[in-house]
Amino acid sequence: MELRDKLGNEIILFDGAMGTVLQQRGLKAGDVPEKLNIEKREEIIEIHKSYLKSGAEILTTNTFGANALKMKEIDYSVEEVIAAAVENARQAVIESKIEAAVALDMGPLGELLEPMGSLSFDEAYSLYQQQVLVGVEAGADLIHIETIADLNEARAAVLAAKENSNLPVFCTLTFEEEGRTFTGSSIRSMISVLEGLGIDGIGLNCSLGPEKLEPLVEEVLQYSKLPVILQANAGLPVVENEETVFKISPAEYFKPLARLYEKGLAVIGGCCGTNEEFISLIAENLKNKKVKKREVISESLACSPSQYVNLAGVNVVGERINPTGKAAFKEALRNGDLDYILKVAVDEVDAGADILDVNLGLPEIDEKKVMVKLIKELQGILDIPLQIDSSNTEVIEDALRYYNGTAIVNSVNGEPEVLEKTLPAVKKYGAAVIGLTMDDDGIPTTAEGRFEIAAKIVSRAAEHGISRDKIIIDCLTLTASAQQEGVRETLKAVKMVKEKLGVKTTLGVSNVSFGLPARPVLNRSFLAMALYQGLNLPIIDPNDVEMMAAVKAAAVLNNIDQGAAQYIEYMSELENESEPEKNKENLNEEIDLQTVIIRGLKSESARLTKTILKEKEALEVVNEYLIPALDLVGERYEKGDIFLPQLVQSAETVKEAFSVLKEEMARTGGRDLSKGKIVMATVKGDVHDIGKNIVKTVLENYGYQIIDLGRNVNIREVVNAVVENEIRLLGLSALMTTTVKNMEKTIKAVRDKAPECQIMVGGAVLTTDYAEMIDADYYARDAKEAVEIAKKVFVE
Amino acid sequence: MELEIDRTEILRYLQTSKDLEDDNINSLIDEATAEIKNLINFRYLYQKFPIELTESGIKVKGTTLTLKGKSIKRHLSNSREIYIMAATLGSQVDKKISYYEKVSVTKSMIFDACATTAIEAGCDQVEAEIKKEVLAAGNEDITFRYSPGYGDLGIEIQKEILRVLKAPKKIGLTASQYNMLIPTKSVTAIIGVIAEKTETDSDIEEKSDVDRAEENLEKRDLEFEKRHCQKCLIYQDCELRRKGIYCGAKG
């Protein structure tokens, strides 16, 4: 029977461990097992044969680490190793005359992906792609991706497998007992993401014995529609006489498997510490048995690796990441100041948003590039699921490729052309999608008209293989002042699509009140009505406490929030938050800005600056308040009266004042306060950023505009930023002896393309001599020296 | 394993007086200490290996590993067995440091200092566990923890150490192509078993007097230097040490 036909219908048996068996046969710790495919062919074939005899139907090639990163350490290429490994498995099949499929095994790359590590998604993809291409060429029957801890790495591997072969793809992650991978991925997010990518089998392997993994596998069986795989370790290893041994017996190992078989497990094999005896016992009991039918809880999620939102509930989508009508946001986007946007996101999360809408629609920027970068940055610091908001299909495609999780796409509409262009990407990446009830003829006035478009979207999506639980319909909020009768039609349509099409619903809310007084009242009332009609995803400003409260209240009144638990929690958090503010005000009503800066009272700083701005020009505020305070703080630091954290705290307090001034400037179009633009970056390979951020904050205090490229920055990106912005001063930071080399290369590349740019360097391992050696113009020991350097450069 | 995060240590990593009087900073330290405890997923492992002195360096038997350089040779001069250990706070701590970098540089500094204190505390506990095992086996003592990057022991062996211990699979600890440990709040170290009592390193202790004491003394940690730096080959010439920064030895 073909593997694909058997999969999910009858039990399929994998083989057991390769690595630990090789170690028992004398492979040294730290050695590369993949080279044995070539150097000890007979031995590898022998192990394969023993698994065939014990009943395995799939042989896993000895290619766990056969990627170009790891193969650098040995004398053979990826091509040679994988070709030999597939050949060995085939040879075993031929010699034993037992039919079996050969699975190309792909383990983790050994380096962590961005943003945790320095390996990019594209690099990871290319490494896996190479393995897949060689594996396909060598004649593998399926691709088995295993022992992955980082969901993004799994995504890279699965995409490489799907885009470069037609073979079935299995993927298993490795979990700790608490149900998380080392990088924090949950079972539910794994299911959502990997099912979305269209793999053929899903599950767990390695880490623990089958008994410990049992509850986790049960969760997979409960929520995944796919055939479920388990390849557990033979319990936990113990060291005895300097040797690692696994102590549980095949019989003990089998017990939990028998229970899981009853619950619907479909593919079984062994991982570390197992051998042919384990496989034999499983084969004796389960081989060719029918897979037990199970009930699957069907749910549609938006998720990041560690956090998920069930779209069927009521969840708030934060709308603040959007430049429309926001001068400071637009300015930040034009300047590439993603930190500004990240702060907006952090505020939304703190305010209680469940999902963040990300819209970067500003004509003068490269939306695709910025979107991808922002998604990476957002995911580097936050766990909240994202909603990709763009009208450009290419932006959506790239965003979905690099977003680590299951995203929502905002949006498609009833226009056939839009649907045809966007739905394939939605399907490919397993995203959920918002459909607007409008088409070439505009927005239908009646609920029935909008329902029709929704129905069309649902059926078009179905043609692309997108099920309706992934579809969210936006019935479009109209403005009460202009189309009063239309408001009710929207509400009616919400109920209709929800009940008759079984889709989820979303609405932007605040449009409804446009042009009328006391807008918040109308917004809240409309929101409450829409929630009663069955609205799932209100798109609102989560910082608006009244609106958030209305969502929580409606959840109580609609009997969704059982026992009003969430409502009570939200309200008590609100109370807690407002308390510290009161404390601060009690400090001293008459506190001046200078004292605020010296004491590092950030929130006071913004408030006082706004007050002073009523009477003074922005530049006056800088010269009369900020600079003198900074000088004083600097002096005290020099003298040792205050310490580094206090200096930084004061610098950040000044920064708050500056951002008020900047917003004022953006609003009034006043004169630029900037004394000069400086590009700063932590070089490729370095993922520490704090030192550079301190220097950045202090430089900003002195009026310099910093284009911060972040950390682990490619040489090309630094050069581009310097050239595009005609930069006169570049600051580079490196923290390790190994990454200073990249600093040197970066300097060389900048010298080639922008010889007039001056370069200052800093970081723990640098010295004046070293800076000179790598051709930097200046070495900045600390933030203060960096300011002196900047003054010098920009006076010249 | 519950990690003890010592406030004095945090202040030291912040290059700050231990009697710091700043309500804001002090309460940030308290908050960070409480918060980080929920994010730490402390995982560690260690394994004992016999070693053998060869021409190319110290061979770690049963593995592919050879420890090269004069400083590790000196460090293990009284040992015939070593422990190799690896420990990490996990990736959530890194993520939170990144988060605070965007929200508040002050907080990120403090959080980073807390994390460094925590991983050092974790390693101290692992070291104590190893010491207990070593003494129980009838040995005299252990050496201090010696990490790649100390002295002339290159950090290039980071990946191989991790591979020998199977650290990526077992505790999720990896090294980047630049040999930076990721998650970043992690340590690998080599500890020698001292079977019998030997003479103290009196010659080394003398050297500390030659120290250029006037430079950055307030930023330096002489206690730490005594424990970790004095045996280093480049002890006298070390720029980092004079700046009070230290090499891979400190966070």
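Two strands are taken to pair if DSSP finds at least two bridges between them, and helices (H or I, at least four residues) and strands (E, at least two) are DSSP runs numbered from the N terminus. The model is predicted: local features need pLDDT of at least 70, side-chain atom pairs count only at pLDDT 80 or more, and totals for chains, interfaces and linings use all residues. Residues are numbered from 1 along each chain as its sequence is written, with chains lettered from A and ligands numbered from 1 in the order in which they are written.

In chain A, strand S13 (residues 317–321) and strand S20 (residues 537–540) pair in the parallel sense over 2 bridges. Ile540(A) of S20(A) is the bridge partner of Gly318(A). These strands belong to a barrel of 8 strands, closed in the order S13-S14-S15-S16-S17-S18-S19-S20 (chain A) with parallel pairing.

Parallel pairing also joins strand S21 (residues 677–682) of chain A to S22(A), over 4 bridges. Here Asp708(A) in S22(A) is the bridge partner of Met680(A).

The contact between the chains takes 47 residues from chain A and 50 residues from chain B, residues being in contact if their C-beta atoms, placed from the backbone, lie within 7 Å. On the side of chain B that touches chain A, H4(B) gives the largest share, 9 residues.

Key: Contact = placed C-beta atoms within 7 Å.
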